[in-house]
Amino acid sequence: MYQLNGVLLPVTDLEKAKDWYERHLGLIQVDEWSEGAGYVFPAGDMTLALIKVEKKQPSEFNITDDKKNVYFNFSVDDIKEAQRKLRNHNVETTEIEDLGFMKKFDFTDPDGNTLSAVIEHPDSPFHKNQIKKLQDVKF
């Protein structure tokens, strides 16, 4: 059985990134090594590792010439509160977009990595309760 274990994110200044991710996203450090640091979130079992790189790497991919998308997003319980907290700490964010079954906004880390915060509507097929129903199906 496979499941996503963690996300690895390139950063050019590991110490600055560690401070930023701990302060703004509440990450809890699990381990550190010469090229990076590993974290868990206050809830759930997904991990995130910050990996030191020499030059900035893309954190988005192109859908069309004028539209990009992030590789992953962060789930939040309260989209407005998440945006407010980041803005109160001078983190650049976009406006909240209502995409039907989910709302989202983007924000950037010190390396310019674009990240997204999302909240799924309870009827969304990607809402945690809907996913749990699929996972509970016995074959």
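Me: Is N90 exposed or buried?

Reply: Burial is read from relative accessible area, taken with a 1.4 Å probe on protein chains only: buried means under 20%, exposed over 50%, and partly exposed in between. N90 is exposed, because its relative accessible area is 73%. Please note that this is a predicted model, in which local features need pLDDT of at least 70, side-chain atom pairs count only at pLDDT 80 or more, and totals for chains, interfaces and linings use all residues. Residues are numbered from 1 along each chain as its sequence is written, and side-chain values use heavy atoms, with hydrogens and water left out.

Me: Where does N90 lie, and what is its phi?

Reply: Most residues other than glycine have a negative phi. N90 is not a glycine, yet its phi is positive, about 60°. N90 belongs to the loop between α2 and β8 (97–98); such helices (H or I, at least four residues) and strands (E, at least two) are DSSP runs, numbered from the N terminus.

Me: How is the length of α1 to be checked?

Reply: The expected span of a helix is 1.5 Å times one less than its number of residues. The 12 residues of α1 should therefore span 16 Å, and the end C-alpha atoms are 16 Å apart, which agrees.

Me: Which residues of α1 are buried, and what contact is found at its start?

Reply: L14, A17, K18, W20, Y21 and H24 are the buried residues of α1. A polar contact is a pair of N or O atoms within 3.5 Å; within protein, one must be able to donate a hydrogen and the other to accept it, and residues adjacent in sequence count only if both atoms are side-chain atoms. At the start of α1, a side-chain oxygen of D13 comes to within 3.3 Å of the backbone nitrogen of E15.

Me: Which residues touch the most other members of the largest nonpolar core?

Reply: In soluble globular proteins, nonpolar side chains tend to be buried together. A nonpolar core is a set of buried Ala, Val, Leu, Ile, Met, Phe, Trp, Tyr and Cys residues joined through side-chain atoms within 4.5 Å. The largest one here has 24 residues, and Y21, L50, F74, F105, F107 and L115 touch the most other members. Elements giving two or more residues to this core include β1 (6–11), β3 (36–40) and β9. The most comes from α1, with 4 residues.

Me: What is the volume of the largest pocket, and which residues are closest to its centre?

Reply: On a 1 Å grid over the protein atoms alone, a pocket is an open set of points where a 1.4 Å probe fits, with protein on both sides within 12 Å along at least five of seven lines; lining residues have an atom within 4 Å of a point. Grid points are joined across faces, edges and corners, and a volume is the space filled by probe spheres set on the points. The largest pocket has a volume of about 1,800 Å³. Of its 40 lining residues, A43, N73, F74, S75 and V76 are closest to the centre.

Me: Where is S59, and what does its side chain reach?

Reply: S59 is in the loop between β4 and β5 (60–64). S59 counts as buried because its relative accessible area is 10%. Its side chain reaches the backbone nitrogen of T114 at 2.8 Å.
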